[in-house]
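User: I would like to go through this structure step by step. Please keep the terms simple and give the cut-offs.

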Amino acid sequence: MKRMVLFMTLSLLLIFLAACGESGTNSNESDKDKDSNASAASDMGEIEFYTSQPDVDAEKLVDAFNQEYPDVKVNIFRSGTEEVISKINAENQAGEVQADVLLVADAVTFEGLKKENMLMNYMSPEAESIPNDFVDPDGMYTGTKIMATGLIVNTDKVSAAPTSWQALTSEDASDQIVMPSPLYSGAAAYNLSVLTRNQAFGWDFYEAVQKNSPMITEGNGAVMENVSSGQKSYGMVVDYLAARAANDDSPVQLVYPEEGVPVITEPVGIMADTDQEEVAKAFVDFILSEKGQKMQAKIGYTPIREGVEPPKGLKSLDEIKVLQAPIEELYESRASDKEKFDELFSK
């Protein structure tokens, strides 16, 4: 009988303590639990990811994200920046933008979408470790990497690597230059606007390059193919592609010209009309996180996050002399700059 009474007493005591514990959890929930609850909605879902990254790199990014969120499906649409934006604009005119997350070449492109109220305000907590210059103050987009455009030369055809952009205007470079078109490549469009607004270059530089009869390709990948194969001796290209080729023993050398280089950051942003907000936020957070940035470095990009080292063959932001121009001016002049380029190089 005593044993029965003791058992019943202990059972009632355990029920009472459990109830108190539940009450305490509700009133004194830890920050960690709150964070866990806040991200619970992003454990499952499906998003449309529009990007100008190379297909393989976009797939590696999604694969790494899926290691953290295996129940999220990320559908990739990939093309050049200008074509990606054309697709988004067409969808917008049709009344429904399909993209949830956008990652393309440069901040100028995002400024255009921002002015049209097509981006969602989201200041990722991971942005605290990103230099302020590369984070939109209104929280509409954040840079994801450092991508400089420099010179690439074929070492079998060029005995001494140049140190200046003026190598593209030299007699030796006649009919030996390949460069991406700003009508297709966002990076090329950004470079065009920055260089033509720099006193050391201006449109005189492009006019001198044009006299050397350059090959104009759609994107940076085609620049690499032509220089690596020896069809052309000189190219204007984003640095990560040149470094990858050199690391793979291709006969090429990357040069950061002494005058400085334009730098894009391939920002990421969330579209205003997304119906997958929590999943989209989780994806952006991962890209900017230390783990996401280390993954970017592993596949060959210079990370934008402070404290993450660049891969072999690339310079960190602190080592680069950056050429810049006011972003508002770059945005307002982009269309006319591309039109003038087209006229100049169609001669």
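User: How many salt bridges does a search of the whole structure find?

Analyst: This is a predicted model, in which local features need pLDDT of at least 70 and side-chain atom pairs count only at pLDDT 80 or more, while totals for chains, interfaces and linings use all residues. Residues are numbered from 1 along each chain as its sequence is written, and side-chain values use heavy atoms, with hydrogens and water left out. A salt bridge is a side-chain nitrogen of Lys or Arg within 4 Å of a carboxyl oxygen of Asp or Glu. Searching the whole structure gives a count of 17.

User: Which parts of the chain does the salt bridge of Asp-106 and Arg-334 tie together?

Analyst: The closest N and O atoms of Asp-106 and Arg-334 are 2.6 Å apart. Both Asp-106 and Arg-334 are buried (buried means under 20% relative accessible area, exposed over 50%, partly exposed in between, with a 1.4 Å probe and protein chains only). Helices (H or I, at least four residues) and strands (E, at least two) are DSSP runs, numbered from the N terminus. Asp-106 lies in the loop between strand E3 (101-103) and helix H5 (107-115), and Arg-334 in another element, so the pair ties parts 228 residues apart in sequence: that loop and helix H12 (residues 327-345).

User: In the salt bridge of Asp-175 and Lys-232, how many residues apart in sequence are the parts tied together?

Analyst: The N to O distance in this salt bridge is 3.9 Å. Asp-175 lies in the loop between E4 and strand E5 (177-180), and Lys-232 in the loop between H8 and E7, so the separation of the parts in sequence is 57 residues.

User: Is Lys-232 buried or exposed?

Analyst: Its partner in the salt bridge, Asp-175, is partly exposed with a relative accessible area of 43%. Lys-232 has 10% relative accessibility, so Lys-232 counts as buried.

User: Which element gives the largest share of the lining of the largest pocket?

Analyst: On a 1 Å grid over the protein atoms alone, a cavity is a set of points where a 1.4 Å probe fits but cannot get out, and a pocket is an open set with protein on both sides within 12 Å along at least five of seven lines; lining residues have an atom within 4 Å of a point. The largest pocket has a volume of about 410 Å³, where grid points are joined across faces, edges and corners and a volume is the space filled by probe spheres set on the points. Of its 21 lining residues, those closest to the centre include Asp-133 and Tyr-190. The largest share, three residues, comes from H5.

User: What is the volume of the largest cavity?

Analyst: The whole structure has two cavities of 30 Å³ or more. Among the residues that line the largest cavity are Met-120, Tyr-141 and Leu-288, and E10 gives the largest share, three residues. The volume of this cavity is about 70 Å³.
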